[in-house]
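Please keep the sequence and the structure open while reading.

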Amino acid sequence: MTLVSMKEMLQQALAGKYAVGQFNLNNLEFTQAILQAAQQEQAPVILGVSEAYIPYMGGLPCIVGMVKSLIEHYGVTVPVALHLDHGTSYDLCIRAIHAGFTSVMIDASHHTLEHNIEVTRQVTQAAHVLGVSVESELGRITGREDDLVVDEAEGMYAVAEDCVRLVRETGIDCLAPALGSVHGPYRGQPKLGFDRMAEIRTLTGLPLVLHGGSGLPDEEIRQAIACGTAKINVNTDNQIACTAAIRSFLNEHPEAYDPRNYLMPAREAIIASVRAKIQLFGSTGKAGGNA
């Protein structure tokens with residue numbers, strides 16, 4: 001299976017009332033685990049790479065090469081999209097596309113709406129020529145680096161009319177509106193704006209993206225999918241599962257020194273975490289595009 005864009009898989013998810021998971025790559029073991037979990041669940045999957053992890057993982061061509069090699073090594077047959085997560089500039093998005101990424105997110109949400117629209121339009125025009133899908137964000141999806149409580153995130157809901165304008169003037173394939181979710185661990189009870197979510201989905205006609213999918217109650221995940229969310233991003237839950245497995249192994253085996261001894265249990269923990277999310281999202285068995 002060659003890498004594909006996420007446009008078709010998200011349209012199918014929207015029609016089938018399930019969501020495709022984006023699981024972020026943090027190293028070799030995360031990449032192995034996510035691909036194996038998706039294959040085991042026969043689910044389409046999106047591999048996300050955040051900007052901060054690009055140099056850590058050896059650069060864009062290295063990431064693409066690793067993903068393609070592992071797909072071949074494991075005989076992965078499910079649809080896989082390789083997605084730049086929160087690309088902050090036109091230049092970075094173009095470099096990712098040229099390196100072989102099949103999807104990019106341009107995140108100009110911290111700029112004015114006019115600037116966001118202009119940059120997103122430029123990225124989308126270039127990406128679509130090469131069959132690459134584009135995600136954009138509107139409003140501010142906060143994170144732990146901002147040290148904001150969930151109540152403060154609620155005050156940053158995306159405006160429906162702005163979302164319509166962004167979609168109409170850029171031609172993007174999916175939209176991530178800020179609706180109360182946050183990156184990293186939640187402080188307090190999250191309160192997603194489901195009414196606004198359903199309104200934006202109806203007005204734009206696009207699959208919606210939920211960032212900050214870790215730590216959300218299962219019922220809120222299901223409700224988001226019912227409101228038109230077709231892509232859910234998960235990273236923190238997988239990181240926690242990985243670290244807990246390593247910590248547990250080293251506590252029980254303080255004499256261990258071969259990295260394989262603790263990284264293999266960590267990889268299994270990530271596989272279990274990803275499979276659980278795929279099942280929750282309803283994308284198990286959807287690798288053939290079944291709606």
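Which residues lie nearest the centre of the second largest pocket? They are Val4, Glu8, Met9, Gln12 and Pro79, from a lining of 13 residues. The model is predicted, and the points below are grouped by topic.

**Second largest pocket**

- The space in the second largest pocket comes to about 160 Å³.
- Sorted by class, its lining holds 7 nonpolar, 4 polar and 2 charged residues.

**Helices α8 and α9**

- Helix α8 spans residues 160-170 and helix α9 spans residues 194-204.
- Their axes lie 9 Å apart, and the two helices pack at an angle of about 30 degrees.
- Angles under 35 degrees count as roughly parallel, and α8 and α9 are therefore roughly parallel to each other.
- Where α8 and α9 cross, the crossing is right-handed.
- On the α8 side, the contact is made by Ala160, Cys163, Val164 and Val167.
- On the α9 side, Arg196, Glu199, Ile200, Leu203 and Thr204 make the contact.
- The residues of this contact of α8 with α9 comprise 6 nonpolar, 1 polar and 2 charged.

**Helices α2 and α4**

- Helix α2 covers residues 28-41, and helix α4 covers residues 60-74.
- The axes of α2 and α4 come within 10 Å and cross at roughly 45 degrees.
- The α2 and α4 crossing is right-handed.
- From α2, the residues Leu28, Thr31, Gln32, Leu35 and Gln36 take part in the contact.
- They meet Met66, Val67, Leu70, Ile71 and Tyr74 in α4.
- By class, the contact of α2 with α4 has 7 nonpolar residues, 3 polar and no charged.

**Ala241**

- Ala241 sits in helix α11, which runs over residues 236-252.
- Leaving aside residues up to four places away in sequence, Ala241 touches Ala269 and Ser273.
- In sequence, Ala241 and Ala269 are 28 residues apart.
- In space, the C-alpha to C-alpha separation of Ala241 and Ala269 is 5.7 Å.

Definitions and conventions
Residues are numbered from 1 along each chain as its sequence is written. This is a predicted model: local features need pLDDT of at least 70, side-chain atom pairs count only at pLDDT 80 or more; totals for chains, interfaces and linings use all residues. Side-chain values use heavy atoms; hydrogens and water are left out. Axes are lines fitted to C-alpha atoms, for helices over the stretch in contact, and angles run from 0 to 180 degrees between N-to-C directions. Helices (H or I, at least four residues) and strands (E, at least two) are DSSP runs, numbered from the N terminus. Angles under 35 degrees count as roughly parallel, over 145 as roughly antiparallel, 65 to 115 as roughly perpendicular and the rest as oblique. A crossing is left-handed if the near helix is turned anticlockwise from the far one by less than a right angle, and right-handed if clockwise. Contact means heavy atoms within 4.5 Å. Ala, Val, Leu, Ile, Met, Phe, Trp, Tyr, Cys and Pro count as nonpolar, Asp, Glu, Lys and Arg as charged, and the others, Gly among them, as polar. On a 1 Å grid over the protein atoms alone, a cavity is a set of points where a 1.4 Å probe fits but cannot get out, and a pocket is an open set with protein on both sides within 12 Å along at least five of seven lines; lining residues have an atom within 4 Å of a point. Grid points are joined across faces, edges and corners, and a volume is the space filled by probe spheres set on the points.
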